[in-house]
Amino acid sequence: MLKIENFSKTYPGGNRAVDHLSLEVRPGDVFGFIGHNGAGKTTTIRAITGVMDFSEGNIWVDGESVRENPLACKRKIAFVPDNPDLYDYLTGIQYLNFVADIFGMDASARESQIRRYAQLFEMTGALGDLVSSYSHGMKQRLALIAAFMHEPRLLVFDEPFVGLDPSAVHTVKQLMQEFCARGAAVFFSTHVLDVAEKLCNRVGIIRAGGLVACGDIEAVKGDQSLEEVFLELQEK
């Protein structure tokens, strides 16, 4: 579903943010991407989603190259950053219809999907309000509705639980598992290691732009907790 091969990114000034990163996310995987701030997580996510260009290595989404066919990849991806930048002067429903237009959803599909996910995220009564009136948590929930409603093949989230209340966190976890049960995949960064340990079947740990551990979660952590493994790898 997602394959990264020898991906590197150097910013102007010579800062090597990611160095020859390779990993694979299979259909059905909930893959946790873990690392300290500045480790290279967001750079990798921006490259996967086509937000940032790159020239070293390659990334494939469901068999399509992000470098060679970025639009085809974007049609298969839903991306929710840690701080969604939405259109403040649209109402919630106008924003969701805008996203539905981009992905070519027909009227009946968008209506049923918007209704379903708005109910799940307790946003039905707020969809007529301007996005500018929303709290951070409400904007996060609107972005999640927009992500789930077009049935992507790959869900990419950057710190998806930040700003969400416990009810919304529970909903996101359930939906992740539902999508993966249907053959989609989830790739998300997180600092919440106990959530990653319970939710993910596979993890990758990145440090200073390089992958220091990757695989099935039981193999990565062994007899330790994920937090213990993470801290040990960061100290080495």
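A crossing of two helices is called right-handed if the near helix is turned clockwise from the far one by less than a right angle. The legends below describe close-up views of a predicted model.

**View 1. Helix H3 passes helix H5 in a right-handed crossing.** Helix H3 spans residues 92-102 and helix H5 spans residues 136-148. Their axes lie 10 Å apart and form an angle of about 30°. Angles under 35 degrees count as roughly parallel, and H3 and H5 are therefore roughly parallel to each other.

**View 2. Residues of H3 and H5 form the contact between the two helices.** On the side of H3, the contact is made by Gly92, Tyr95, Leu96 and Val99. Helix H5 contributes Leu142, Ile145 and Ala146. Classified by residue type, this contact comprises six nonpolar residues and one polar residue, with no charged residues.

**View 3. Strands S1 and S4 pair in the antiparallel sense.** Strand S1 covers residues 2-11, and strand S4 covers residues 56-61. Five bridges connect the two strands. In one of these pairings, Ile4 has Ile59 of S4 as its bridge partner.

**View 4. Strand S4 is also joined to strand S5, and the two run antiparallel.** Strand S5 consists of residues 64-65 and is linked to S4 by two bridges. Val61 has Glu64 of S5 as its bridge partner.

**View 5. Two residues lie between the strands in the hairpin of S4 and S5.** Within this hairpin, Asp62 adopts a positive phi near 50°.

Terms used: Residues are numbered from 1 along each chain as its sequence is written. This is a predicted model: local features need pLDDT of at least 70, side-chain atom pairs count only at pLDDT 80 or more; totals for chains, interfaces and linings use all residues. Side-chain values use heavy atoms; hydrogens and water are left out. Axes are lines fitted to C-alpha atoms, for helices over the stretch in contact, and angles run from 0 to 180 degrees between N-to-C directions. Helices (H or I, at least four residues) and strands (E, at least two) are DSSP runs, numbered from the N terminus. Angles under 35 degrees count as roughly parallel, over 145 as roughly antiparallel, 65 to 115 as roughly perpendicular and the rest as oblique. Contact means heavy atoms within 4.5 Å. Ala, Val, Leu, Ile, Met, Phe, Trp, Tyr, Cys and Pro count as nonpolar, Asp, Glu, Lys and Arg as charged, and the others, Gly among them, as polar. Two strands pair if DSSP finds at least two bridges between them.
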